[in-house]
Amino acid sequence: MNTPFIALCPEITRSNALTLTDWLEDEAVTRYLSDSRNVSRMIEQVLGRVQLPILTHLFNQGGRFFMACDQHDVPVGFVRLVKTGSNCEMVLVIGNRDNWGRKLGASAIREGMKLAFFEMRAEKLIANIHPDNVRSLNAFLRSGFVPHSETPTIKSLVMESARYLRLLRESPAVHVADIHITEVDKARLRRLVDLEPGSEIFELEHEIERAVVVDPRKVAEDVVTMNSRALLKVDDEEREVVLVYPEDADDHAGKLSVFSGIGTAILGYKEGDTFNWRMPNRTCHIRIGKVLYQPEAAGHYHL
């Protein structure tokens with residue numbers, strides 16, 4: 001796929017840290033990064049002091065750190081989210097100059113907003129950017145951020161939670177396909193999400209909020225709704241699955257909970273749709289091959 005795709009991966013490996021040090025040696029990359037020397041020194045100290053393969057906990061001191069990876073799981077940059085009170089600040093760097101101009105920054109911003117507002121429950125997301133960093137300023141402005149304040153060395157842009165939710169519903173990302181869910185499914189899923197403890201299902205909450213809501217009697221028969229049976233292709237594996245509510249899940253029978261990775265991924269897509277979706281340890285390429293059964297098309301919806 002040529003459409004820009006970024007997943008924010010929370011696990012930071014020793015290899016990731018070495019990649020970061022390479023990026024931070026590039027003056028073009030660090031030109032507008034105010035604390036690049038401190039970050040580079042911190043990474044060098046970590047690598048010299050700790051001989052662990054996984055360094056996630058060290059990078060998350062004082063904030064949340066993510067490697068920004070493309071659809072092939074190759075790191076192309078990083079995102080840092082630091083929450084103070086109800087506000088959150090985002091720092092974004094696309095570290096490999098070969099990837100500049102591919103709109104990966106915009107994709108990383110979308111993923112960062114998803115995390116900030118749905119998982120970290122921020123009320124306001126802030127980006128502090130050097131006035132001369134035109135590429136970064138434009139990426140955040142195109143993503144819906146608005147100017148907040150300015151000094152000779154910093155332009156502060158902001159996205160508030162209410163504005164984010166409105167834009168998510170009214171102005172979907174150009175490179176992300178629309179999904180459709182029924183009024184009945186949304187209401188029930190909304191109740192389940194509200195009752196679910198923890199932040200593991202923030203992806204589902206995001207999908208519910210961005211979905212186009214339709215009357216069950218008018219949903220197209222080739223759309224994956226709750227209790228649909230569908231043929232999928234996940235990477236090179238073909239699977240026949242039923243999308244169900246958590247209490248009905250049975251992996252051995254192919255009944256996937258909507259709370260699971262693939263279950264959340266396919267909700268609302270239609271036959272022929274193809275897209276990338278980040279699982280806990282890798283990015284999958286998913287294609288909706290055929291919707292074999294849909295309760296709404298069969299007249300089995302419940303109002």
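The protein chain holds ten helices and 14 strands, where helices (H or I, at least four residues) and strands (E, at least two) are DSSP runs numbered from the N terminus. Its radius of gyration, taken over C-alpha atoms, is 21 Å, close to the 19 Å that the globule rule (2.2 Å times the number of residues to the power 0.38) gives for 303 residues, so the chain is as compact as a globular protein of that length. This is a predicted model, in which local features need pLDDT of at least 70 and side-chain atom pairs count only at pLDDT 80 or more, while totals for chains, interfaces and linings use all residues. Residues are numbered from 1 along each chain as its sequence is written, and side-chain values use heavy atoms, with hydrogens and water left out.

**Extent and confidence**

- Taken along the principal axes, the C-alpha atoms of the protein chain fill a box of roughly 60 × 40 × 35 Å.
- The mean pLDDT (the predictor's confidence in each residue, from 0 to 100) of the protein chain is 89, and 93% of its residues reach 70 or more.

**Helices H5 and H7**

- The axes of helix H5 (residues 104-119) and helix H7 (residues 161-170), which are lines fitted to C-alpha atoms over the stretch in contact, come within 11 Å and cross at roughly 120 degrees, on a scale from 0 to 180 degrees between N-to-C directions.
- The contact (heavy atoms within 4.5 Å) is made by Met113, Lys114, Phe117 and Phe118 of H5 with Ser161, Tyr164, Leu165 and Leu168 of H7.
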